[in-house]
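Here are my notes on the model, which is a predicted one.

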Amino acid sequence: MASVSLRGITKQYENNPVIKGIDLDIEDQQFVVFVGPSGCGKSTLLRIIAGLEDITEGTLEIGGKVCNEVEPARRGIAMVFQSYALYPHMTVAENMGFALKLARVPKAEIAERVARAAEILQIGHLLERTPRALSGGQRQRVAIGRAIVRKPDVFLFDEPLSNLDAALRGQTRIELARLHRELKSTMIYVTHDQVEAMTLGQRIVVFNGGHIEQQGTPRELYERPANKFVAGFLGSPHMNFLDGELAGCEEGLATVRLPGGALVRVAADAGALPPGARVTLGVRPEHLALARPTNGGIPATVALVEYLGDVTLVHAQVQGSSETVAFKYEHDVPVPEGGATIALALDPRCAHLFDETGAAVRHALAKNV
């Protein structure tokens, strides 16, 4: 197994910069997820680590060894692609062991490695089948098994679940997490799906426009996003945002005036911002609720009610704003109908504040909430 270190990595196609100076350390045996929207550079960086793309500038180390000029086959990595890329005329066992056969590994050792990988992935009963006799999930496990038999130092996954349906994606996520625990390998996983990122990654790296916006544990990024982009990208449904202005601040508390005139308090150290500064209030759907009649709240009108089985989502348009916010509703309380006028309340300790540039205003432990 091995650590991965990137220093000042850039990638440019002609005059088009795609990776814009990445510094990143991935520890041995860590499961790291690269996440971000399409075109943000996450897959390109994975291909750079794999040796499938040249580095324009910077240094890549795998296991303490500089690998900028090292051939992909000698980097100690194995990659699982979005496409299964299985040979249709070969059996599962032959597909899994083909790279070892090309490397002239003895037949007995190939059979042993294939059998062990099949046991780990629970596909031992499929070894004599050809790919056309397999489901999508089974084909993906064969592709993963093909990587396992090589005993790589680092596993690279490039959106491996995107071809599977929702149920299979959930099941395969569990299998990948179990696989990491069992193999104790360094794994780097690329996805645009924030649910995959939150459930699989010990550490998440959020990419945007060829650079890293933030990295940390799933909980750190969810509860303390560094900026509005990260806050809006992670979470399902995504965080609600409402534009406003800073009406005042005291120790550990900022007061925000929304377009409709409502005043909302946020646990944030906003003392560096001038009064009247343009800010954005951020609050997740689980942290919004109906206000009690005596508590005022944020006036809004119900636009849509979605019953999702385990939760009911209410979408409401805030008074004086074109923005619609979503909040999760308790099943044991009557749900307001579309068009109903309501008032929303939030806990200042669970709200977020972003300045005009989108940067998060440092969260505070408010004393007077």
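**Notes on cysteines and helix pairs**

1. Cys249 has a relative accessible area of 41%, so this residue is partly exposed. Cys350 is also classed as partly exposed, because its relative accessibility is 24%. The cut-off for buried is under 20%.

2. How many disulfides does the rule count? The count is 0. The rule asks for a pair of cysteine sulfur atoms within 2.5 Å.

3. Helix packing comes next. Two packed helices are described by the angle between their axes and the distance between the axes.

4. Take helix 2 (residues 92-102) and helix 3 (residues 107-121). Their axes cross at roughly 135° and come within 10 Å. Helix 2 is therefore oblique to helix 3. The crossing is right-handed.

5. Which residues make this contact? Helix 2 supplies Ala93, Met96, Gly97, Leu100 and Lys101. Helix 3 supplies Ile110, Arg113, Val114, Ala117 and Ala118. By class, the contact of helix 2 with helix 3 holds 7 nonpolar, 1 polar and 2 charged residues.

6. Helix 4 (residues 136-148) and helix 5 (residues 166-183) form another pair. Their axes come within 11 Å, with a crossing angle of roughly 20°. Angles under 35 degrees count as roughly parallel, so helix 4 is roughly parallel to helix 5. This crossing is right-handed.

7. On the helix 4 side, the contact residues are Gly137, Arg141, Ile144 and Ile148. They meet Leu168, Glu175, Leu176, Leu179 and Leu183 of helix 5. The contact of helix 4 with helix 5 divides into 6 nonpolar, 1 polar and 2 charged residues.

Terms used. Residues are numbered from 1 along each chain as its sequence is written. This is a predicted model: local features need pLDDT of at least 70, side-chain atom pairs count only at pLDDT 80 or more; totals for chains, interfaces and linings use all residues. Side-chain values use heavy atoms; hydrogens and water are left out. Axes are lines fitted to C-alpha atoms, for helices over the stretch in contact, and angles run from 0 to 180 degrees between N-to-C directions. Helices (H or I, at least four residues) and strands (E, at least two) are DSSP runs, numbered from the N terminus. Angles under 35 degrees count as roughly parallel, over 145 as roughly antiparallel, 65 to 115 as roughly perpendicular and the rest as oblique. A crossing is left-handed if the near helix is turned anticlockwise from the far one by less than a right angle, and right-handed if clockwise. Contact means heavy atoms within 4.5 Å. Ala, Val, Leu, Ile, Met, Phe, Trp, Tyr, Cys and Pro count as nonpolar, Asp, Glu, Lys and Arg as charged, and the others, Gly among them, as polar. Buried means under 20% relative accessible area, exposed over 50%, partly exposed in between (1.4 Å probe, protein chains only).
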